[in-house]
Amino acid sequence: MKSVILSSKKMEEILKSNKESEEMNHDAEINETGILALTTLAGELLLKNGSEIFRVQDTILRILDACGCTNRHVYVLSNAIFISLNEGMDDPCTAIRYVPLGTVNLSRIAEINEISRGLCEGRFTRDEAMRKLEKCKKPWSGNPLFMTIACGIGAGSFSILFGGGFAEGFVSFFIGFFLQVMLIGLQRTQIPPYLIKILVSIFIPLGAFLPLAAGFSLAFDKIVIGSIIPLVPGYVFTTSIRDFFNSDYLSGIIHLIDSILTAVCIAVGVGLAIVLIQRLGGGIYL
């Protein structure tokens with residue numbers, strides 16, 4: 001009878017130990033799942049808003065270090081994120097996230113960087129950082145009027161910088177203003193991004209042609225050159241060069257192709273409009 005009681009106690013201890021072990025493993029799985037969700041979301045938001053590849057990878061690694069993950073591997077492309085934890089152990093886990101190419105938003109990148117710094121410095125908990133990142137998923141609601149005025153000022157300034165006078169800069173200001181209005185409106189539709197660039201590029205020579213048709217003597221080329229600058233993918237092209245210098249060749253090629261396609265779309269749109277003006281005017285205007 002005594003031996004039966006002892007074995008029952010031993011069995012209870014074994015069952016209790018197994019239950020505690022299962023609970024600990026379950027908690028560990030939940031913890032690692034939350035860490036993966038946090039890091040992939042931070043990386044996804046950085047990529048969508050135009051951050052450099054090495055900066056995305058560095059941010060993810062810093063967040064993982066802050067969460068106590070030492071056995072981790074991170075690989076980032078311009079449109080994908082791969083994160084693995086506990087490789088070679090009993091509980092490995094992996095996260096893969098496809099990230100389509102987006103527009104550049106330096107303000108949103110600064111917000112995400114501040115959240116990652118706060119988490120690494122202990123000012124935010126993981127749950128607080130996750131809530132802040134979820135807020136960053138919402139579409140950026142910049143001031144449309146400010147954006148249109150800034151685009152107009154940029155177009156006018158570049159027109160003067162490239163050799164035009166204040167009259168050319170004045171015309172370029174209005175072209176840049178309405179150019180941004182068109183971009184804001186078309187980006188809310190389902191039209192492909194490259195087709196949008198062609199459509200708005202067609203508007204530039206047509207807008208530059210109006211004062212010439214009205215009898216004003218202006219430098220048509222200076223107006224067009226200044227007005228297309230807001231569309232030029234300078235940041236994306238620079239990012240591709242930085243990717244090459246950081247040995248991220250695949251991401252560099254993706255960004256380079258994206259910038260080249262954007263430049264081709266601008267050239268096609270401007271070229272079509274110039275050909276149309278020459279056909280309609282019999283070649284006397286340009």
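**Salt bridges, spaces and surface**

Author: R117 is partly exposed, with a relative accessible area of 43%. Partly exposed is the range between buried, under 20% relative accessible area, and exposed, over 50%, using a 1.4 Å probe and protein chains only. This is a predicted model, where local features need pLDDT of at least 70 and side-chain atom pairs count only at pLDDT 80 or more, while totals for chains, interfaces and linings use all residues. Residues are numbered from 1 along each chain as its sequence is written, and side-chain values use heavy atoms, with hydrogens and water left out.

Reader: OK. Which side chain does R117 meet in a salt bridge?

Author: R117 meets the side chain of E114, at 3.8 Å from N to O. A salt bridge here is a side-chain nitrogen of Lys or Arg within 4 Å of a carboxyl oxygen of Asp or Glu. Side chains of opposite charge can pair when their charged atoms come close.

Reader: How many residues apart are R117 and E114 in helix α3?

Author: They are 3 residues apart in α3, so about one helical turn separates R117 and E114. Helices are DSSP runs (H or I, at least four residues), strands are E runs of at least two, and both are numbered from the N terminus.

Reader: What else does E114 pair with?

Author: E114 also forms a salt bridge with R123, at 3.2 Å from N to O. E114 is partly exposed at 36%, and R123 is partly exposed at 42%. E114, R117, E121 and R123 are linked in a network of salt bridges.

Reader: How many salt bridges does the structure hold?

Author: The structure holds 12. Another one of them joins K222 and D221, whose closest N and O atoms are 3.2 Å apart.

Reader: New topic. Which residues line the second largest pocket?

Author: Its lining is F54, R55, D58, T59, R62, N113, S116, R117 and C120. The elements giving two or more residues to that lining are α2 (53-66) and α3 (106-120), and α2 gives the most, with 5 residues. A pocket is an open set of points on a 1 Å grid over the protein atoms alone, with protein on both sides within 12 Å along at least five of seven lines; a cavity is a set where a 1.4 Å probe fits but cannot get out, and lining residues have an atom within 4 Å of a point.

Reader: And what is the volume of the second largest pocket?

Author: About 200 Å³. A volume is the space filled by probe spheres set on the grid points, which are joined across faces, edges and corners.

Reader: What about cavities, how many of 30 Å³ or more?

Author: The structure holds 1 of that size. The largest cavity has a volume of about 50 Å³. Its lining includes T59, I112, S116 and L133, and α3 gives the most, with 4 residues.

Reader: How many residues of each class are in the lining of the largest cavity?

Author: There are 8 nonpolar, 2 polar and no charged residues. Ala, Val, Leu, Ile, Met, Phe, Trp, Tyr, Cys and Pro count as nonpolar, Asp, Glu, Lys and Arg as charged, and the others, Gly among them, as polar.

Reader: Last one. Is G164 buried or exposed?

Author: G164 counts as buried, at 12% relative accessibility. G164 is found in the loop between α5 (144-161) and α6 (166-186). From G164 to I225 is 61 residues in sequence and 9.7 Å in space, C-alpha to C-alpha.
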